[in-house]
Every structure is written in C-alpha cells, then in structure tokens.
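My entries follow in the order in which I made them.

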Amino acid sequence: GITNHTVSLGDLSEDAMADDLARYENYVSALDDFSYQKLSTDQQLTYDILYDFLSTQLDTADFYYYDELLRPTSGVQSELPILFEEYAFYSKDDVEDYLELLSIFDDYFQQVIAFEEQKAAAGLFMSDSACENIIAQCQDFTANADNHYLIETFNTRLDKLSSLEEAEKEAYKAQNEILVKENVLPAYDMLAEAMTNLLGSGSND
C-alpha cells in the first residue's frame, strides 16, 4: 500500500546525519510521552527496542567516522549486488524503481568514497589488508561485464513477470544492460581506484 516513496540508496552527508539525529531526538521525546506501565507486554518490548536503538544512535553521534561502510564481508560493496540480485519484481513499478536505483549507483559510490576519504583524514581509515580485500572484490565484480550476473538475473526475473508485454520486457532488458555497464560497473572501478589511492592511510591493524 505504499504509493509515495523516494527511490534512493541513502544519503551519507553530514547534513543528512544531522537531520537523522534531530529526528531521533524527536522520536525519543515522543516515546517519553508514553506511559510505559500502560503498554502491553508486546508494546513494551517494541518500546524498549526503539528506545535502545535511538539512544545508542544519539550517544554515539560523535563517533560518526568510526562507522565502516566497506566491511569486507558485509559492506555496501558486497551487500548491494546481493540485494539487487534478489530484488523482487511484482509489478512494472518495481522494475522502474530498480532501474532508477541503478541509475544513481555511481552518485552513491561517490558519497561512499568521500566518506572513506574523510575517515582517512581523521586517521580512522581501515587496515591495508581490509583495503586490499575491498579492491579485490571490486575487481572481481567487474571482471565479466558482457555476461554479468546482474544482467542475467534481471532478465530471468523479468521473464517471470506476466503483466508485461514482450516488447516492454525487451526494452527494460536493454535499459538494464546499459545501466549495469555504464553506471554500476564503472562505479566499482571508481571505488577500486579510490581505495587504491587510500591504501596505506590506515593507522590500525
């Protein structure tokens, strides 16, 4: 039933972080208005989880650059392809949202790179071994551009969507292939180059 949504991979800017913190403070204030004792057991559990999460975010706000977006096993560079590979198509809108996400892939990776550069400037960049791992992952991801799995898996899922005409499917397949080759793969090349430039910036093993 969600009809009005913004297609986005997120915003990593400091302004966005400040907006998040302000919103979290408002949420905590709203939670404080509840009478905890009047809540059901399930509601108290939800309250506790929300309060713990929001409080932790506020308490650790000064440690913004300690976060690591590019963890070797669970960073955005490894998780995003899995999310796209498993992205479910239930309607034409889903397909168009997916393609719009691919179109902003390079912009998002530019934000990731800027964040890593800021981490390095603060003396909080990752270790050399972790950095080399990220570079290798990016190189592996872009190794087979012509038969890339983000092209193959998209085509397979699209073929199963019976609500689309064959001509629409072919047009979407062509658009996806262009976006993968001209947005997604170059974004990974750009990330690999940036990480290569930052290699050696980390001060902790």
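I began with the charges and found that the protein chain has 10 positive and 42 negative side chains, the centres of the two sets lying 9 Å apart. In this count Lys and Arg are positive and Asp and Glu negative, with His and the chain ends not counted, and the place of a charge is NZ of Lys, CZ of Arg, CG of Asp or CD of Glu. I note that this is a predicted model, in which local features need pLDDT of at least 70 and side-chain atom pairs count only at pLDDT 80 or more, whereas totals for chains, interfaces and linings use all residues. Residues are numbered from 1 along each chain as its sequence is written, and side-chain values use heavy atoms, with hydrogens and water left out.

The C-alpha trace spans about 60 × 50 × 25 Å along its principal axes. Of the 205 residues, 38% count as buried, where buried means under 20% relative accessible area, exposed over 50% and partly exposed in between (1.4 Å probe, protein chains only). Among contacts (heavy atoms within 4.5 Å) with a separation of 6 or more, residues 24 or more positions apart account for 77%.

I then searched for salt bridges, that is, a side-chain nitrogen of Lys or Arg within 4 Å of a carboxyl oxygen of Asp or Glu, and the count came to eight.

One of them joins Glu 168 to Lys 92, with the closest N and O atoms 3.1 Å apart. This pair links distant parts of the chain, Glu 168 being in helix α8 (residues 166-198) and Lys 92 in helix α4, 76 residues apart. Both partners are partly exposed, Glu 168 at 27% relative accessibility and Lys 92 at 35%.

Another joins Asp 146 to Lys 181, with the closest N and O atoms at 3.4 Å. Here Asp 146 sits in the loop between α6 (128-141) and α7 (149-159), while Lys 181 is in helix α8, 35 residues apart. Asp 146 is exposed at 57%, and Lys 181 is partly exposed at 30%. I also noted that Asp 146, Glu 177 and Lys 181 are linked in a network of salt bridges.

Within helix α8, Glu 166 and Lys 169 are three residues apart and therefore separated by about one helical turn; their closest N and O atoms are 3.7 Å apart. Glu 166 is exposed at 51%, whereas Lys 169 is buried at 4%.

Asp 15, in helix α1 (residues 14-32), is exposed at 60% relative accessibility. Asp 59, in helix α2 (residues 41-59), is exposed at 61%.

Key
Helices (H or I, at least four residues) and strands (E, at least two) are DSSP runs, numbered from the N terminus.
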